[in-house]
Amino acid sequence: MIYGERVRLRRNERSDIPKFVEWLNDPEVHRYLLLGLPISQASEEQWFENMLKLPSNEQPFGIEVSEGEPDGGDGHWRLIGNCSFMAINWTTRSAEVGLFIGEKSCWNKGYGTEIMQLLLRLGFDNFNLNRIFLRVDEANKGGIRAYEKAGFVHEGRFRQGNFRDGKYSDMLLMSVLRTEWNPKK
Ligand SMILES: CC(C)(COP(=O)(O)OP(=O)(O)OC[C@H]1O[C@@H](n2cnc3c(N)ncnc32)[C@H](O)[C@@H]1OP(=O)(O)O)[C@@H](O)C(=O)NCCC(=O)NCCS
């Protein structure tokens, strides 16, 4: 387990799959995710099997929030989404991160910011990475704000890098270098 102040990250279990199917088929949740078509229980089960074959640093984490004591005490932990490192390049020590919170009642409560801070800590302090980046649709204002709060800086723009709702949108590239990282954030 990787503990933050209000969230913790754990490995995914097969029993998480129905929640992922529910969330990732919700138009509001997948709006800015590069998913395309609806997903099925069977395709998510296939995803799970493939995921187990990934290097351990690239296996995703389930995100849980405590519904018990504010300090995370003995309360019940509830799954709200998933996050991961992707395509870690061990020569340049660079990796992409991604995250989604499927439980919409948990949006805009600071969890996205805290999860990104946890991933930065894991990436810099445990994986010894030098650069952590992400891509986000320019219209995903909540996501952009959360990543800025976590310390990501704007780096570039993939012009017309996404296509949704019948039109192109730009994808923003944001990153944090180890030298810029503020572990206290
Ligand atoms: C994007 C996502 C990860 C953000 O997580 P979150 O927990 O909602 O983010 P936070 O609460 O930490 O921060 C959101 C910030 O954006 C602000 N915000 C939300 N909607 C906004 C909008 N339309 N315009 C401007 N700011 C907005 C919030 O007020 C908050 O800022 P504040 O704390 O200064 O008030 C989450 O909403 C999510 O998973 N969405 C669905 C999937 C997705 O888009 N994933 C990301 C793909 S890159």
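1. Asn128 counts as partly exposed, because its relative accessible area is 43%; the class partly exposed lies between buried, under 20% relative accessible area, and exposed, over 50%, with a 1.4 Å probe and protein chains only. Asn128 sits in the loop between α4 and β6. Helices here are DSSP runs of H or I with at least four residues, strands are runs of E with at least two, and both are numbered from the N terminus. The phi angle of Asn128 is near 60°, a positive value in a residue other than glycine. Most residues other than glycine have a negative phi.

2. The model is predicted: local features need pLDDT of at least 70, side-chain atom pairs count only at pLDDT 80 or more, and totals for chains, interfaces and linings use all residues. Residues are numbered from 1 along each chain as its sequence is written, and side-chain values use heavy atoms, with hydrogens and water left out.

3. Gln160 also has a positive phi, near 50°, and is a residue other than glycine. Gln160 belongs to strand β7, residues 153-164. Gln160 is exposed, because its relative accessible area is 51%.

4. The shell around the ligand holds 23 residues, and those that come nearest are Ile101, Gly110, Gly112, Thr113 and Lys149. A residue is near a molecule if one of its heavy atoms lies within 4 Å of it. By type, the shell divides into 11 nonpolar, 7 polar and 5 charged residues. In this scheme Ala, Val, Leu, Ile, Met, Phe, Trp, Tyr, Cys and Pro are nonpolar, Asp, Glu, Lys and Arg are charged, and the others, Gly among them, are polar.

5. Which atoms of the protein lie 2.7 Å, 2.5 Å and 3.0 Å from an oxygen atom of the ligand? At 2.7 Å there is a backbone N or O atom of Gly110. At 2.5 Å there is an N or O atom in the side chain of Thr113, and at 3.0 Å one in the side chain of Asn140. Taken alone, the ligand exposes 960 Å², of which the protein buries 72%. Such areas come from the Shrake-Rupley method with a 1.4 Å probe.

6. Helix α5 supplies the largest share, 7 residues.

7. The side chain of Thr113 makes a polar contact of 3.3 Å with the side chain of Lys149. A polar contact is a pair of N or O atoms within 3.5 Å; within protein, one must be able to donate a hydrogen and the other to accept it, and residues adjacent in sequence count only if both atoms are side-chain atoms.

8. Is Leu79 buried or exposed? Leu79 counts as buried, because its relative accessibility is 11%. Leu79 is placed in strand β4, residues 77-89. Its C-alpha atom is separated by 9.6 Å from that of Arg10, 69 residues apart along the chain.

9. Thr91 is in the loop between β4 and β5. Thr91 counts as exposed, because its relative accessibility is 72%. The C-alpha atoms of Thr91 and Trp47 are separated by 27 Å, and the two residues are 44 apart along the chain.
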